[in-house]
Amino acid sequence: MPNDELMPIGAFAQRSGLTSSALRFYADSGLLSPAEVDPLSGYRYYSADQVARATALRQLRELAMPLAAVEAVLGSEADEAARLLDEHVAKVVGNAAVVQQKAAVIKSALGNVPGLPIGVVKGPVLADAVEQVLTATAHEPGMSALAGLRIEARHDAVTLTATDRYRLSTRTLVPTEPPRQTWAGTVNGDELRAAVAKIRRSSLVRLEAVSHGIWFRVADREDRHCRLLPEEFPDYRLMLASLGEVTTRATGSKDLLLRALEEHPGERIALHIADHGVNVVSADDEHPNIPLSATATGQALQIWFELTTLYPAVSTAIGPDVMLDLRGHDQPVTIRSAGRGDLTTLAMPVKPDHSA
């Protein structure tokens, strides 16, 4: 007979949340052997010390983790177990994204409804524009439109726009074949990122809108489909129209500005703009200011930014020079490529006390 500290399989099942049949399966699999088996009756008994392992086993199986992976996690130290768990979750998420993509393609084909031609754009140009504008996206709970890219086809142009509320990037492309009619939709940003490589390798890409999605038709390659996000995209045109007059303008080297931002270790940084050029100012007295040669006009101004807001806005500028249009220390700064005005990024500053 088992000692008094052991519990029968039924009681252990209640403690662990596993069924008796599951416990028998895991015992036969070698993942959770009973502490003792009655040689006459075959009854299985478990100890209280096994509850934690059984609970962890149940939780891992609830994540659809294979038995081999479960065994590896349970037999590893905490850091390695966490790595294996992250690896499994990433695989599950990736598989779910593939399933969603395939389901969207099937839905778009149901009923055999022809798509709406939007326009034809050069593949490498479109790929570059998508990567530049997508830097202004973010995943926010309950605000999925902020993770998407707005595509608008109007007259003789295709405009791409994204915003995470702290930045707004927009770029206008001139299509090789103009849109046949106006169209607008917010495309799933993650799926669009996955399609960029194939788009880039295609000389021409035909944009075709279907119900709940958009096709990127490419010659001699597999077409790519991206879902549309149903949530309403922020009214960025209203925000652009409400911007005040530019009071300060500075034009200088993009690479030098990026290097200065990289050298300062702080999370926040200020730009001091005056007649002599631009100074990159640290939030503390331990790090010296970095003067940059630049052409500056208008009022002298000092404006603060989160580094995570300013750096990507500058890094996506096209060409060697960047132009900053400022309207005051508490207004968005417009960042443009000095020689190419079709990519425009707005970056929100923070107050001198570093509040948003």
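Tutor: Helices H3 and H4 are oblique to each other, oblique being what remains once angles under 35 degrees (roughly parallel), over 145 (roughly antiparallel) and 65 to 115 (roughly perpendicular) are set aside. The model is predicted, with local features requiring pLDDT of at least 70 and side-chain atom pairs pLDDT 80 or more, while totals for chains, interfaces and linings use all residues. Residues are numbered from 1 along each chain as its sequence is written, and side-chain values use heavy atoms, without hydrogens or water.

H3 covers residues 51-62 and H4 residues 67-74; they pack at an angle of about 140°, their axes 10 Å apart. Here helices (H or I, at least four residues) and strands (E, at least two) are DSSP runs numbered from the N terminus, and axes are lines fitted to C-alpha atoms, for helices over the stretch in contact, with angles from 0 to 180 degrees between N-to-C directions. On the H3 side, Arg53, Ala56, Leu57, Leu60 and Arg61 meet Leu67, Val70, Val73 and Leu74 of H4, contact meaning heavy atoms within 4.5 Å.

Turning to the strands, an open sheet of four has the order S15-S14-S13-S17, with antiparallel pairing; strands pair if DSSP finds at least two bridges between them. S15 (290-292) and S17 (301-306) stand at the edges with a single partner strand each, so one side of each lacks a neighbour in the sheet. From one strand to the next, the twist averages 25°. S13 (residues 268-274) is joined to S17 by six bridges, and Arg268 has Glu306 in S17 as its bridge partner. Helix H9 (residues 254-263) packs on this sheet, where it touches S13, S14 (277-282) and S15, and its direction makes about 175° with that of S15. Helix H10 (residues 307-315) also packs on the sheet, touching S13 and S17, at about 100° to the direction of S17.

Another strand, S18 (residues 321-326), is largely enclosed by the rest of the structure, because five of its six residues are buried, that is, under 20% relative accessible area with a 1.4 Å probe and protein chains only. S18 runs antiparallel to S12 (residues 248-253), joined by six bridges, and Ala250 has Leu324 in S18 as its bridge partner. S18 also pairs with S19 (residues 333-337) in the antiparallel sense over four bridges, with Ser337 in S19 as the bridge partner of Val322. Six residues lie between the strands in the hairpin of S18 and S19, where Gly328 takes a positive phi near 135°.

Key: Buried means under 20% relative accessible area, exposed over 50%, partly exposed in between (1.4 Å probe, protein chains only).
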